[in-house]
Structure formats: C-alpha cells, structure tokens
Amino acid sequence: MSLAGAAELAGTRHLADLHRSMQRWFSETARVLPWRSPDCSPWGVLVSEVMLQQTPVVRVLPVWEDWLQRWPHPADLAKEPSGEAVRHWGRLGYPRRALRLHAAAVVIAEEHGGKVPDTHAALLSLPGVGEYTAAAVAAFAFGRRETVVDTNIRRVHARLVSGLALPSPSLTAAEMRLAESLMPDDVALSVSWNASVMELGALVCTARSPKCSECPVRESCAWRAAGEPPPTYTPKGQAWHGTDRQLRGAVMAVLRAAESPVAREMFERPAADLGFVADGAMVPLAALHRLNSAPEQLERALVGLVRDGLAEMHDGGLRLPA
C-alpha cells in the first residue's frame with residue numbers, strides 16, 4: 001500500500017479498528033518491564049531508551065536496575081566521574097552511550113533543576129539525545145503525542161501498510177510521513193499505539209521469523225495479502241569476531257575491572273611474561289590476549305578509545321576517564 005493508500009486508510013473506520021485492536025492486544029500481553037511502571041521516573045525512562053538502542057531487553061534489565069539503584073536521579077550521576085558511567089555500563093556494548101548519558105545528566109542537573117525536560121524540543125537539546133530518543137521519552141515518560149519510530153515500528157509499518165517484508169535499510173522521509181499518518185489523534189491512545197506497535201515488532205512481527213498466527217492485526221496486513229513476498233535486499237549482520245569492536249570491548253573490560261591505570265605493555269604481552277601479580281583485571285586481560293590481535297589493530301583500538309573519551313592516559317597507563 002502506498003502513502004496515498006495509507007492516507008485513505010486513515011480516513012476510514014479501519015484505522016480506528018487497528019488502533020483498538022493493538023491497544024487491546026498490548027493491554028493483555030505486554031511484557032512487564034520496570035521502565036513501563038507508572039512509578040518509573042522520567043530519568044528511568046531516558047536511561048532505558050538509551051540502553052535499549054541496539055541492545056536486547058534481557059541484557060539491559062540488570063544494568064538498568066543497577067544504574068537506577070546507584071543513580072536514582074540525574075544529579076547523582078552528574079556528581080560522578082564519567083568513567084564511573086562507563087564502568088557500570090558493563091557489557092552492553094557501544095559504551096559511548098554511557099558518556100552521553102553522563103553528559104545529559106550534567107546538563108539536566110545544571111540547566112533543568114535536576115529534572116528531565118518534558119518536551120521534545122528540550123529533550124532534543126540534551127547531549128546525545130536524537131530524534132527517536134526525544135520522541136520516545138516525551139511519549140512514554142510524559143504522555144506526549146509524538147511519532148515514535150524505531151526499527152521494530154518501521155518493520156510493522158512496512159508489512160502492515162506497505163506490503164513489504166522489511167523497511168528500507170535506513171529511515172526515509174516517506175516512512176516518517178507514513179508513521180505520522182497512522183498516529184491516533186487522541187493523546188493517550190497515541191502513546192499506547194507507539195508502545196504496542198513497538199512491542200508487536202519486538203515479539204511477533206520479528207525480522208526473521210514473524211509469528212503471524214499471533215498477530216492481532218493479521219487480517220489487515222498488506223504483506224500477508226500480497227503473499228508474503230521476500231525482502232528486496234539481504235540485511236547485513238554486524239561482524240564481531242576479529243573486529244576492532246571486539247578488541248575495543250576486550251580493552252574496556254580490562255579497564256572496568258582495573259582499580260589503577262593499566263600499563264600499555266600489559267595489553268601487548270601476557271601478564272605472566274611480565275611477572276604480573278593477579279588482580280581484578282587478570283581475567284579480562286587473559287581474554288584480551290587470547291584474541292591474538294595484530295599489534296597495529298591493538299594500537300588502533302587503544303588510540304581510538306582515548307580519542308573517543310572512553311579512556312585516558314594517566315601515570316603511564318590507561319584508565320577510565322576521571
């Protein structure tokens with residue numbers, strides 16, 4: 001179905017039926033997640049939205065809970081060195097997100113009285129907060145009518161309305177217009193619609209093995225009506241083994257475990273060759289050495305982490321930022 005078709009759909013009772021079906025399904029089957037609780041603070045919602053980017057719920061849950069116990073308010077995190085945010089990011093990946101959350105906490109504490117701002121525009125002004133995160137926090141933390149579009153929502157829209165197996169490789173203006181045309185006018189219903197479509201994409205309308213028999217709107221799905229045509233492209237998975245990302249992650253694991261700066265040569269040679277006395281960093285150091293990375297790749301990883309603000313040189317060794 002084209003955008004014009006979606007606009008025609010929006011003018012009928014069909015769209016209202018979709019909204020009601022999705023709201024009913026979500027109220028009956030939605031996962032119980034702490035950031036969905038009415039008691040969750042806007043700060044908790046913001047932290048969850050940043051952590052959930054490119055990271056599954058099962059990995060985020062324990063880290064999110066640790067963060068909210070450790071730093072229940074933005075000002076609590078703002079008082080800490082940015083390195084502590086990185087340390088307690090654990091193995092979520094993409095640790096620059098921890099630096100951005102720390103920077104956002106500082107701005108919230110200093111410029112917003114310690115309270116997460118409640119409008120899309122104000123949220124967008126925070127360090128590291130993009131269009132998606134601003135819209136999601138405005139909707140889910142403050143009940144605003146915002147068009148929230150993530151990968152799961154894009155996939156549901158592509159199948160349900162456009163008849164495509166997958167959305168385009170990157171977000172397009174046409175997709176945003178489609179998402180806006182599907183939004184309920186009612187504010188409360190718009191929040192539920194965003195959450196329910198996102199949940200449907202995460203649990204039912206998945207990329208590889210959609211569970212169409214469990215879909216509450218399967219009878220309205222343009223993709224099924226078209227005979228479930230295959231994707232027009234093959235999604236490229238992100239390589240991990242042997243990559244700079246893997247090596248950077250191994251170095252970060254060492255820095256998170258270390259209580260003092262780690263000498264450069266410790267990364268380059270097994271600790272036993274140096275007469276190293278085991279401490280908390282011994283296990284991740286051994287894992288790093290097992291990668292047998294080329295010297296130039298290791299150098300690239302170390303230099304890159306310093307450049308990105310995830311590590312710094314101190315007293316001849318590498319440590320988390322102060």
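Visitor: Is Glu 265 buried, exposed or partly exposed?
Guide: This is a predicted model, so keep that in mind. Glu 265 is partly exposed, because its relative accessibility is 37%.

Visitor: Which helix does Glu 265 lie in?
Guide: Glu 265 lies in helix H15, residues 264-268.

Visitor: How far apart are Glu 265 and Ser 213 in space?
Guide: Their C-alpha atoms are 57 Å apart. In sequence, Glu 265 and Ser 213 are 52 residues apart.

Visitor: New topic: strands. In what order do the three strands form the sheet?
Guide: The order is E1-E3-E2. The sheet is open, and the pairing is antiparallel.

Visitor: And which strands are at the edges?
Guide: Strand E1 (262-263) and strand E2 (312-314). Each pairs on one side only.

Visitor: How many bridges join E1 and E3?
Guide: Two bridges, in the antiparallel sense. E3 spans residues 317-319. Its Gly 317 stands opposite Ala 263.

Visitor: Now helix H4. How many residues does it have?
Guide: H4 has 14 residues, 57-70. From first C-alpha to last it reaches 20 Å, close to the 20 Å expected.

Visitor: Which H4 residues are buried?
Guide: Val 57, Val 60, Val 63, Trp 64, Trp 67 and Leu 68.

Visitor: Why does spacing matter in a helix?
Guide: An α-helix has 3.6 residues a turn, so residues three or four places apart point the same way.

Visitor: What covers the buried residues of H4?
Guide: The cover includes helices H3 (42-51), H5 (74-78), H6 (82-87) and H7 (96-111).

Technical notes
Residues numbered from 1 in each chain as written. Predicted model: local features only at pLDDT ≥ 70, side-chain atom pairs only at ≥ 80, totals over all residues. Heavy atoms only, no water. Pairing = 2+ DSSP bridges. Helix = DSSP H or I, 4+ residues; strand = E, 2+ residues; numbered from the N terminus. Expected span 1.5 Å × (residues − 1). Buried < 20%, exposed > 50% of the residue type's maximum accessible area, 1.4 Å probe, protein only. Contact = heavy atoms within 4.5 Å.
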